Amino acid sequence: VCDTQDFLKVDTKTISTAAGERRFNFLVYGDPCLNATKLREPYRSPFGEGTETLTGGDRPSAPELTCSAGKLTGAHRSDHDGIIVGMLAARKKEESAQSSTEAEEF
């Protein structure tokens, strides 16, 4: 939860649809390639399996991560250049926010 609050944000992405351009809300995070050397630094695995890196060394946990010209390659980006994690569903005006009980059932 803490990492979610610290690193994930909401941004828009403008998409061309048959009805014209529309803006949608997306969950995004900053580009890790802004400091690409950190991707190769060892860190302790949260699963108790020693140390690993994201992109380098003997045990990269995300070898598919590649940077080009300081940007994550292959990433879909928001209007303000965030890396898109997923689309947020729009609520209908008459719907209320999800209760914590409903969230627990998920």
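## A first look at the chain

Of the 106 residues in this protein chain, 18% are buried, where buried means under 20% relative accessible area, exposed means over 50%, and partly exposed lies in between (1.4 Å probe, protein chains only). The model is predicted, so local features need pLDDT of at least 70 and side-chain atom pairs count only at pLDDT 80 or more, while totals for chains, interfaces and linings use all residues. Residues are numbered from 1 along each chain as its sequence is written, and side-chain values use heavy atoms, with hydrogens and water left out.

The chain holds two helices and seven strands. Here helices (H or I, at least four residues) and strands (E, at least two) are DSSP runs, numbered from the N terminus.

Three strands form an open sheet in the order 1-2-7, and their pairing is antiparallel; two strands pair if DSSP finds at least two bridges between them. Strand 1 (9–17) and strand 7 are the edge strands, each pairing on one side only. On average, neighbouring strands of this sheet are turned by 50° against each other, direction ignored. For that angle, axes are lines fitted to C-alpha atoms (for helices, over the stretch in contact), and angles run from 0 to 180 degrees between N-to-C directions.

How many bridges pair strand 1 with strand 2? Nine bridges hold this antiparallel pairing, and a hairpin joins strand 1 to strand 2 through two residues. You can pick out individual partners: Val10 has Leu27 in strand 2 as its bridge partner, and Thr14 stands opposite Arg23, also in strand 2.

The C-alpha atoms of Leu27 and Leu88 are separated by 6.7 Å, although the two residues are 61 residues apart along the chain.

## A network of salt bridges

Side chains of opposite charge can pair when their charged atoms come close. A salt bridge is counted when a side-chain nitrogen of Lys or Arg is within 4 Å of a carboxyl oxygen of Asp or Glu. By this rule there are four salt bridges, and Asp31, Lys71, Arg77 and Asp81 are linked in a network of them.

Start with Arg77 and Asp31, whose side chains meet at 2.6 Å, N to O. Arg77 lies in the loop between strand 6 (71–72) and strand 7 (83–87), and Asp31 in the loop between strand 2 and strand 3 (43–44), so this pair ties together parts that are 46 residues apart in sequence. Are these two residues buried or exposed? Both Arg77 and Asp31 are buried, with Arg77 at 15% relative accessibility.

Next come Asp81 and Lys71, which form a salt bridge at 2.8 Å, N to O. This pair links distant parts of the chain, 10 residues apart: Asp81 is in the loop between strand 6 and strand 7, and Lys71 is in strand 6. Asp81 is partly exposed at 37% relative accessibility, and Lys71 is partly exposed with a relative accessible area of 37%. Arg77 and Asp81 also meet in a salt bridge, at 3.4 Å, N to O.

Rolling a probe the size of a water molecule over the atoms shows where empty space is left. On a 1 Å grid over the protein atoms alone, a pocket is an open set of points with protein on both sides within 12 Å along at least five of seven lines, and lining residues have an atom within 4 Å of a point. The largest pocket has about 280 Å³ of space and is lined by Asp3, Phe7, Tyr29 and Gly30. By class, this lining has two nonpolar residues, one polar and one charged.

The second largest pocket has a volume of about 160 Å³. Which residues line this second largest pocket? The lining is made of Arg22, Arg23, Phe24, Asn25, Met87, Leu88, Ala89 and Ala90. Strand 2 (residues 20–29) gives the largest share of that lining, four residues. The lining of the second largest pocket divides into five nonpolar, one polar and two charged residues. In these classes, Ala, Val, Leu, Ile, Met, Phe, Trp, Tyr, Cys and Pro count as nonpolar, Asp, Glu, Lys and Arg as charged, and the others, Gly among them, as polar. For both volumes, grid points are joined across faces, edges and corners, and a volume is the space filled by probe spheres set on the points.

Technical notes:
1 Å grid on protein atoms, 1.4 Å probe; cavity = no way out; pocket = protein on both sides within 12 Å on 5 of 7 lines; lining within 4 Å.
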